[in-house]
Amino acid sequence: ASVTPADAPDPAMVVRTYTGGSQAAALRGMATEAELFRDHGYSPAGQSWEPEKGVSPAGGLILGAGIVLLLAGLLVWPAWILAVPCLVIGWTGRTVGGTLTVTWAKP
């Protein structure tokens, strides 16, 4: 069960975590509660994104750099065309999920 400002006394600060398969999904989770917090006088004071452990979004860059070092000349561009999508979606072939932590505070 989720504790919302309506369920508890109004502390000066509330820290909430939102998980998702991507940062955008976690932000959508935060957006569902944002109106409730704003109605109680809170505003976001800070936020941080923590990717899932064990997922290396840099794996594609390492793969691309290795290909570039092994192949020269005209093969440089295809290597980077391969590396950029791998870097964006992560070495595992999926978007990198994680946890968004938001601190809600009253002014």
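I take buried to mean under 20% relative accessible area, exposed over 50% and partly exposed in between, with a 1.4 Å probe and protein chains only. By that cut-off Tyr-42 is buried, at 3% relative accessibility.

A note on my source: this is a predicted model, where local features need pLDDT of at least 70, side-chain atom pairs count only at pLDDT 80 or more, and totals for chains, interfaces and linings use all residues. Residues are numbered from 1 along each chain as its sequence is written, and side-chain values use heavy atoms, without hydrogens and water.

Next I searched the whole structure for aromatic pairs and found two. Rings of Phe, Tyr and Trp (its six-membered ring) pair if their centres lie within 6.5 Å; planes under 30 degrees apart are stacked, over 60 edge-to-face, the rest tilted. Phe-37 and Trp-104 are stacked, at 4.8 Å and 5°. The three residues form one aromatic cluster.

Where do Phe-37 and Trp-104 lie? Phe-37 is in helix α1 and Trp-104 in strand β3, so their pair ties together parts 67 residues apart in sequence. I read helices (H or I, at least four residues) and strands (E, at least two) as DSSP runs, numbered from the N terminus.

Then I looked up strand β1 (residues 13-20). Eight bridges join β1 to β3 (residues 98-105), and the two run antiparallel; strands pair if DSSP finds at least two bridges between them.
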